[in-house]
Amino acid sequence: MAPHCVRYPPRGRVSILGRTGDTDMVERRPALTVLTHLVLILGVLIVAFPVYVTVVASTHTAQAIVQAPMPLVPGDQMLQNYMAVLVGTDAGAGSAAPVGRMMFVSLVSALTIALGKITISLLSAFAIVYFRFPFRNFFFWAIFVTLMLPVEVRIGPTYEVVSDLGMLNSYAGLTVPLIASATATFLFRQFFLTVPDELAEAARIDGAGPMRFFWDVLLPLSRTSIAALFVIQFIYGWNQYLWPLLVTTQENMYPVVMGIKRMIAGGDAANDWNLIMATAMLAMLPPAFVVLLMQKWFVKGLVETEK
Amino acid sequence: MEKRVRFRSTWLPWALLAPQLAVIGVFFFWPAGQALLQSVQIQDAFGATREFVGLDNFRQLFADQTYIDSFKTTAIFSVLVAGFGISIALVLAVFADRVLRGSAVYKTLLVWPYAVAPAVAGVLWLFMFAPSIGIVPYALRLIGYEWNHLLNADHAMALIVMAAVWKQISYNFLFFLAGLQGIPKSLIEAAAIDGAGPWRRFWTIVFPLLSPVTFFLLVINIVYAFFETFAIIDASTQGGPGKETAILVYRVYYDGFKGLDLGSSAAQSVVLMAIVIALTVVQFRYIEKKVQY
């Protein structure tokens, strides 16, 4: 098994010196056990604090927040704030577009990016592994090299291409340039190489064509890899910022992650921080939900896409 | 590794590859070629005329003190992000690895920031540290420390480092935890029998065995700090107070889209490409040697 395969729960450890308390250790050190939990709890609290502040801020009025110190217990404005941002407000210094619409744009983009990446990578990997044709290796390396061309290093010319193709302010512009995937192609290629040759042979003898084999044999076998990649790529798609910043100029095509930035316009006190923080919560919830619900696939996806 | 059994078709493999090739051709290779081309040209603001100028754009770029400063800013920023991100995650992973019951709870509570968008992370930390209304500057004022990242460059750098580290800890944590669980317990027990305490065992056995993971994370964290923190910076400091937090990627965006200096922006793109290629080569050379235990 690869060194990075995370197993949960950790495989049973038999210690010759005995297992004590609720920590796994090779010897009895109660003080260290206490320290262990203290450090971990402190870590969890520090990691959670920014989000706690966000939750609290999203349940107060704008006035309550700008009076330093801001309250540290939740207020009673939660429903009003979230309703206000979802349908849009006319108040505040920055953009006041409805966040409900932005969430929809984000959802469509993230799903298109994740499913698009998975689909075109499955097809490419299938072609590269199961067929022999001219320039096969060249194409594989061409796909692989795109790893070295993140959007940040070609932002100007890529913008020009998208603009020339008339794809600004469209779902196509938000998603298509992002759906090539070297890591996904590589991952599926590696996986297909481990599929026993006998399966393809049997399919051929039974008279099944290549697409039938792909659909009925390879795809079901790739289920877990697909699920793992989906989690990672959905988060990737949902969290896009620089690309939407370039290709969208109309509020009705803003994804929420980018829209939230547009809400911050004035100085510290001029912003409706309660509404901005409610939007931040709404922007965080879907990907956090995906990570927590699909934690097993999330960890698998993270570890596998880095191989 | 090659397949023995293959399907025969003259057109099908091309059709299967077509979507991916179309996307990488149109949106990756063509623009990358354009960036290379534009980096040796001067273009007027309307794109009407282009003139070949050789390496002038690069010469100008490296003669520009603010670009050199941006390099330094990026270096300091990545070292801080990688250093803090890796050490904090390692401490948490080592302790989480000790816990037998309840470790799944700790893990769940520590991994979710991975899902937070960098831009949202920037906004969250900006709000906590906003000089006049933020909760942290208020607390700092009580102990007599004045925080203002809008005026103080070190404060601005500290702010983006904190936001970037906060977001990256969960990733590092998962990889360290996986690495720790791959270390044979018999080694640790043998050392314990020989009388080595936890501190000694960590430095002489655990840490050396984790070195492949640590090195891998070092590369990944540097790539992250270089290229994926644009959103954090744009959402919090916007490169400010002056240009003290404008890392290289922020400058490419700013010079190209706000300053409309296409030649310089293209030359910067080429410099960044060289950096990514170098980092990718380092990463893949290492991956061959990764399986050590």
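**Figure 1. Burial and overall build of chain B.** Of the 293 residues in chain B of this predicted model, 45% are buried. Along the sequence, the elements of chain B run α-β-β-α-α-α-α-α-α-α-α-α-α-α, which comes to 12 helices and two strands. The radius of gyration of chain B is 24 Å, well over the 19 Å that the globule rule gives for 293 residues, so chain B is more spread out than a compact globule. If you like to think in boxes, the C-alpha atoms of chain B fill one of roughly 75 × 75 × 30 Å along the principal axes. Among the contacts in chain B that join residues at least 6 apart in sequence, 69% link residues at least 24 apart. The mean pLDDT of chain B is 85, and 95% of the residues of chain B reach 70 or more.

Figure 2. Which residues of α11(B) are the buried ones? They are L248(B), V249(B), Y250(B), R251(B), V252(B), Y253(B), D255(B) and G256(B). As you look along the list, you will find R251(B) and D255(B) among the buried residues of α11(B). Just after α11(B) comes a backbone detail worth a torsion check, as L260(B) takes a positive phi of about 55°.

Figure 3. Of the 307 residues of chain A, 46% count as buried. Among contacts in chain A between residues at least 6 apart in sequence, 71% join residues at least 24 apart. Chain A has a mean pLDDT of 82, and 87% of the residues of chain A reach 70 or more. Confidence in chain A is highest in helix α4 (residues 99–130), at a mean of 93, and lowest in helix α15 (residues 295–305), at 79. Residues 1–23 of chain A have a pLDDT below 50, and this stretch has 40 contacts in the model beyond near neighbours in sequence.

**Figure 4. The two domains of chain A and where they touch.** Domain 1 covers residues 32–87 of chain A, while domain 2 is made of 99–271 + 280–305. The centres of these two domains, taken over C-alpha atoms, are 32 Å apart. Seven residues from domain 1 of chain A and six residues from domain 2 of chain A take part in the contact. On the domain 1 side, the elements giving two or more residues are α1 (30–57) and α3 (78–87) of chain A. Which of these gives the most? That is α3(A), with three residues. The domain 1 side is made up of five nonpolar residues, two polar and no charged.

**Figure 5. The meeting of chain A and chain B.** Chain A brings 98 residues to the contact, and chain B brings 95 residues. On the chain A side, 72 residues are nonpolar, 13 polar and 13 charged. The predictor gives the complex an ipTM of 0.86 and a pTM of 0.86.

**Figure 6. The largest nonpolar core.** This core holds 178 residues, and F126(A), V120(B) and V123(B) touch the most other members. At least three residues of the core come from each of domain 1 (32–87) and domain 2 (99–271 + 280–305) of chain A. What does V120(B) touch, leaving out residues up to four places away in sequence? Its partners are V257(A), I260(A), A280(A), A283(A) and M284(A).

**Figure 7. Around S181 of chain A.** S181(A) sits in the loop between α7 (171–175) and α8 (182–194) of chain A. Is S181(A) buried or exposed? S181(A) is buried, because 28 other C-beta atoms lie within 10 Å, and 20 or more is the cut-off for that label. Setting aside neighbours within four places in sequence, S181(A) is in contact with K117(A) and S121(A).

Note on methods
Residues numbered from 1 in each chain as written. Chains lettered and ligands numbered in written order. Predicted model: local features only at pLDDT ≥ 70, side-chain atom pairs only at ≥ 80, totals over all residues. Domains from an automatic or database assignment. Helix = DSSP H or I, 4+ residues; strand = E, 2+ residues; numbered from the N terminus. Nonpolar A, V, L, I, M, F, W, Y, C, P; charged D, E, K, R; others polar. Core = buried A, V, L, I, M, F, W, Y, C linked by C-beta atoms within 7 Å. Buried ≥ 20, exposed ≤ 12 C-beta atoms within 10 Å, placed from the backbone. pLDDT = per-residue confidence, 0-100. Rg over C-alpha atoms; globule rule 2.2 N^0.38 Å.
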